[in-house]
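Biologist: I am new to this structure and would like to go through it with you. Could you show it to me before we begin?
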Amino acid sequence: MRIGSRISIFGLGYVGLCTAVCFAHKGFRVIGVDIDPKRIKMIQNKKAPIHELGLEDLLEKSVDSQKLSCTQDCGEAIENSDISIIAVGTPPQHGGSYDLGYLRSAAIDIGKALRTKKAYHLVVVKSTVLPGTTENTVKPLIEENAEKKCGSTFGICYNPEFLREGSAVEDIFNSDRIVIGEMESRSGDILEELYRRFYGTQLPPIIRTKVATAELIKQANNAFLATKVSFINTIANLCQAIPETDVTIVAKAIGLDRRINPLFLEAGLGYGGSCLRKDVRALTSFSERLGIKPILLGAVQDVNRMQPYKVIELAQKLLNDLKGKRIGILGLAFKPNTDDVRDAVPIEVVKGFLDKKAHVAVYDPMAAGNAKQILGNKVEYMPSALECIDGADCCVVATAWPEFKALGWKDFAHHMRTPIVIDGRRIYNAEEFGQRLKFAAIGLGNIVPKRDFRKTSLRRQNLKGNRAR
Ligand code: NAD
């Protein structure tokens with residue numbers, strides 16, 4: 001068997017599990033390793049522990065075809081694979097840096113298992129880390145526990161992951177590029193060969209470089225994306241102060257400039273999720289430790305910190321006092337097509353309304369269970385979007401789920417006590433909604449209704465009609 005036909009993947013979360021099923025789908029023999037026995041059991045039972053488009057289907061096929069198996073036993077995984085990919089979490093820790101506890105422990109386990117292994121083994125770090133981590137933390141831990149030197153019977157690469165949650169499977173199959181940070185050329189050659197076999201004729205550009213450069217590429221990538229988001233939100237905030245302006249048109253026009261491109265130019269409530277925030281914070285503190293003041297990154301984060309409260313300001317403008325008002329929040333996940341609420345902006349929006357003593361009803365098609373662990377019983381969890389807005393004084397769109405896009409102005413007019421809608425994700429036709437409802441949106445210059453919204457409150461008319469009968 002060629003080196004690289006058998007892969008073990010440490011950490012079966014968003015990155016690890018999606019990578020595992022994609023490699024299994026392409027015919028590789030994959031062994032997944034996780035410290036969470038419940039997760040292992042679910043995967044063995046072909047149930048995805050996380051929500052990702054297309055994941056469950058590929059998981060079922062991979063387990064059925066015996067291309068994917070799972071274990072908690074690191075030794076078994078190392079012995080039966082040639083390449084180990086580490087995709088464990090690197091959560092934020094106090095002070096802005098990463099907590100490397102999971103990574104350290106995976107490196108120790110792998111090192112111990114490599115001690116008795118004769119054949120060459122490649123260890124690939126995929127978790128997001130700061131420059132120098134693979135060299136100064138992972139490598140010594142593996143060497144010490146393996147009682148071998150890197151470059152002898154094992155090698156190490158750093159291979160950042162750029163997938164987007166919600167489209168992780170698709171992103172892995174259609175990667176923009178592969179970055180390989182290599183300690184020595186043998187390990188880089190093996191990893192490049194692995195990707196050549198995975199992608200066949202669809203091979204994306206491959207960038208081979210030093211490990212620290214590869215680590216910095218991942219950091220720079222996320223910092224740039226965050227900068228784009230804060231930039232367009234800065235313009236959005238400006239638009240709100242200029243009548244007749246609309247940030248979505250500004251973004252469309254500047255996005256057509258090939259030097260800018262339209263992606264990540266969607267004004268809204270700011271960036272959230274498990275990666276962008278912690279990565280920008282980590283790069284900022286890393287930079288400060290090196291004595292370089294990251295002025296731009298500081299501004300990017302300042303803009304982002306304020307952005308969730310823009311919808312609360314809008315609500316206050318439209319409702320005056322929020323105390324006791326019923327606010328329907330549509331969306332809790334940090335973005336559509338995921339159940340992930342880690343660092344999710346909608347959760348901050350909910351907390352902001354609770355601080356103003358509003359009564360908050362929430363609905364999310366997938367993330368309510370995860371959100372409940374954070375918000376507890378402080379909010380009312382509704383079983384559908386329409387029930388969430390029913391009887392509300394104000395509705396805020398916090399996640400751009402397709403099912404919210406499908407709601408028309410009549411749905412709000414029918415169901416809400418007062419049809420006041422704040423579009424935090426710019427999913428509605430501002431002109432149409434602005435004509436019919438009291439409508440405000442991030443980056444929309446004109447929040448004054450063109451006609452008296454009370455005349456279009458269908459709920460009010462229905463109630464009157466019912467009373468007359
Ligand atoms: P996750 O929290 O969803 O999953 C991590 C998994 O690792 C968990 O199942 C956990 O039980 C397991 N684990 C922890 N320690 C372990 C060990 N010693 N051995 C085996 N398994 C262990 O994390 P994630 O979102 O998949 O992120 C993984 C890494 O990839 C992070 O560094 C993250 O920053 C990076 N990343 C994430 C994304 C994303 O969109 N989620 C994108 C790019 C990069």
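Modeller: Let us begin with Ile40, which is found in helix α2, residues 37–44. Helices (H or I, at least four residues) and strands (E, at least two) are DSSP runs, numbered from the N terminus. This is a predicted model, in which local features need pLDDT of at least 70 and side-chain atom pairs count only at pLDDT 80 or more, while totals for chains, interfaces and linings use all residues. Residues are numbered from 1 along each chain as its sequence is written, and side-chain values use heavy atoms, with hydrogens and water left out.

Biologist: Does Ile40 count as buried or exposed?
Modeller: Ile40 counts as buried, at 7% relative accessibility. Buried means under 20% relative accessible area, exposed over 50%, and partly exposed in between (1.4 Å probe, protein chains only).

Biologist: Which residues does Ile40 touch, not counting those up to four places away in sequence?
Modeller: Ile40 touches Asp34, Cys70, Thr71 and Gln72 on that count. Contact means heavy atoms within 4.5 Å.

Biologist: Let us step back. How many helices and strands are there in the chain?
Modeller: The chain has 20 helices and 14 strands. Its C-alpha trace spans about 85 × 50 × 40 Å along the principal axes.

Biologist: What share of the residues is buried?
Modeller: Buried residues make up 55% of the 469 in the chain. Among contacts with a separation of 6 or more, 74% are between residues 24 or more positions apart.

Biologist: What about the charges?
Modeller: There are 66 positive and 53 negative side chains, and the centres of the two sets lie 4 Å apart. Lys and Arg count as positive and Asp and Glu as negative, while His and the chain ends are not counted. The place of a charge is taken as NZ of Lys, CZ of Arg, CG of Asp or CD of Glu.

Biologist: How many disulfides does a search of the whole structure find?
Modeller: The search finds zero disulfides, a disulfide being a pair of cysteine sulfur atoms within 2.5 Å. For Cys18, the nearest cysteine sulfur is that of Cys22, 6.6 Å away. Cys18 is buried, with a relative accessible area of 0%. Cys395 is in no disulfide either, and the nearest cysteine sulfur, that of Cys388, is 6.5 Å away. Cys395 is buried too, at 0% relative accessible area.

Biologist: Moving on, where is the place of Arg326?
Modeller: Arg326 is in strand β9, residues 326–330. Arg326 is buried, with a relative accessible area of 16%. Leaving aside neighbours within four places in sequence, its contacts include His359, Glu380, Asp390, Asp393 and Arg417.

Biologist: And what comes in the loop between α13 and β9?
Modeller: Gly324 is found there, and it counts as exposed at 57% relative accessibility. Gly324 touches Lys357, Ala358 and His359, not counting residues up to four places away in sequence. Gly324 and Leu354 are 30 residues apart in sequence, yet 9.7 Å apart in space from C-alpha to C-alpha. Asn320 also has its place in that loop, where α13 covers residues 309–319. Asn320 is exposed, with a relative accessible area of 60%.

Biologist: What is phi for Asn320?
Modeller: Phi of Asn320 is near 65°, a positive value in a residue other than glycine. Phe264 has a positive phi of about 65° although it is not a glycine. The place of Phe264 is in the loop between α10 (247–255) and α11 (276–289), and Phe264 is partly exposed, with a relative accessible area of 33%.
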